[in-house]
Amino acid sequence: MSSEARELVVRTRSAESAVILSATGEVDIVSAPKLSAAVDEALATDSALLVVDLTEVGFFGSAGLSVLVGALEAISDRRLKVVASPQVRRPIEVTGLDDLLDVYDSLEEALAE
């Protein structure tokens, strides 16, 4: 696999009272700081909801889990929702983070609730 296929690309957009952060690629020890910086930037807004869309992420390592835990701790009164591909959902479930996070299968589902 080429490095371009694995490179993490993070895009942020607003929708109503939510900030949607969409990631494409792989989240590992090298790319997690990029995701973390995007999460921090999104949290700096006054949006009531942060949706982290990871449906286009093919690999999600422990560094990515740490980013989600950090976001959960920083979000305080605002809500955090995670949209997960099967590759992302598995480590979230194995570690028990799904007990703390609101995890959805699609962006539409996350925004509808």
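Aspartate 53 lies in strand 3 of this predicted model. Strands here are DSSP runs of E with at least two residues, helices are DSSP runs of H or I with at least four, and both are numbered from the N terminus. Residues are numbered from 1 along each chain as its sequence is written, and side-chain values use heavy atoms, with hydrogens and water left out. In this predicted model, local features need pLDDT of at least 70 and side-chain atom pairs count only at pLDDT 80 or more, whereas totals for chains, interfaces and linings use all residues.

Aspartate 53 is buried yet has no salt bridge. Buried means under 20% relative accessible area, exposed means over 50%, and partly exposed lies in between (1.4 Å probe, protein chains only). A salt bridge requires a side-chain nitrogen of Lys or Arg within 4 Å of a carboxyl oxygen of Asp or Glu. The nearest side chain of opposite charge, arginine 13, is 5.9 Å away. For charge, Lys and Arg count as positive and Asp and Glu as negative; His and the chain ends are not counted. Aspartate 53 touches Leu21, Ser22, Ala23, Val83 and Leu107, leaving aside residues up to four places away in sequence. Contact means heavy atoms within 4.5 Å. Aspartate 53 is also the bridge partner of serine 22.

An open sheet is formed by 5 strands in the order 1-2-3-4-5, with mixed pairing. Two strands pair if DSSP finds at least two bridges between them. Strand 1 (9–15) and strand 5 (102–104) stand at the edges. Each has a single partner strand, so one side of each is left without a neighbour in the sheet. From one strand to the next, the twist averages 20°. Axes are lines fitted to C-alpha atoms, for helices over the stretch in contact, and angles run from 0 to 180 degrees between N-to-C directions.

Strand 1 and strand 2 pair in the antiparallel sense over 7 bridges. They form a hairpin with 2 residues between them. In the turn, glutamate 16 has a positive phi of about 55°. Valine 9 stands opposite threonine 24 in strand 2. Strand 2 (residues 18–27) pairs with strand 3 (residues 49–60) in the parallel sense, over 9 bridges. Glycine 25 has valine 57 in strand 3 as its bridge partner.

Helix 2 (residues 32–43) lies across strand 1, strand 2 and strand 3, and runs at about 180° to strand 2. Helix 3 (residues 62–74) touches strand 2, strand 3 and strand 4 (79–84). The direction of helix 3 makes about 175° with that of strand 3.

Helix 4 (residues 86–94) has Val88, Pro91 and Ile92 as its buried residues. These cover an arc of only 105° around the axis, which puts them on the same side of helix 4. The arc is that of the directions from the helix axis to the C-beta atoms. On the other side of helix 4, Pro86, Arg90 and Val94 are exposed. The buried residues of helix 4 pack against strand 3, helix 3, strand 4 and strand 5. Just after helix 4, glycine 96 takes a positive phi of about 80°.

A search of the whole structure finds 3 salt bridges. One joins the side chains of aspartate 102 and arginine 79 (2.5 Å, N to O). This pair links distant parts of the chain, with aspartate 102 in strand 5 and arginine 79 in strand 4, 23 residues apart. Aspartate 102 is partly exposed, with a relative accessible area of 31%. Arginine 79 is partly exposed at 39% relative accessibility.

Glutamate 93 and arginine 89 also meet in a salt bridge (3.6 Å, N to O). They are 4 residues apart in helix 4, and so separated by about one helical turn. Aspartate 105 and arginine 89 form another salt bridge (2.8 Å, N to O). Aspartate 105 lies in the loop between strand 5 and helix 5 (107–112) and arginine 89 in helix 4, so the pair ties together parts that are 16 residues apart in sequence. Salt bridges with shared partners join Arg89, Glu93 and Asp105 into one network.
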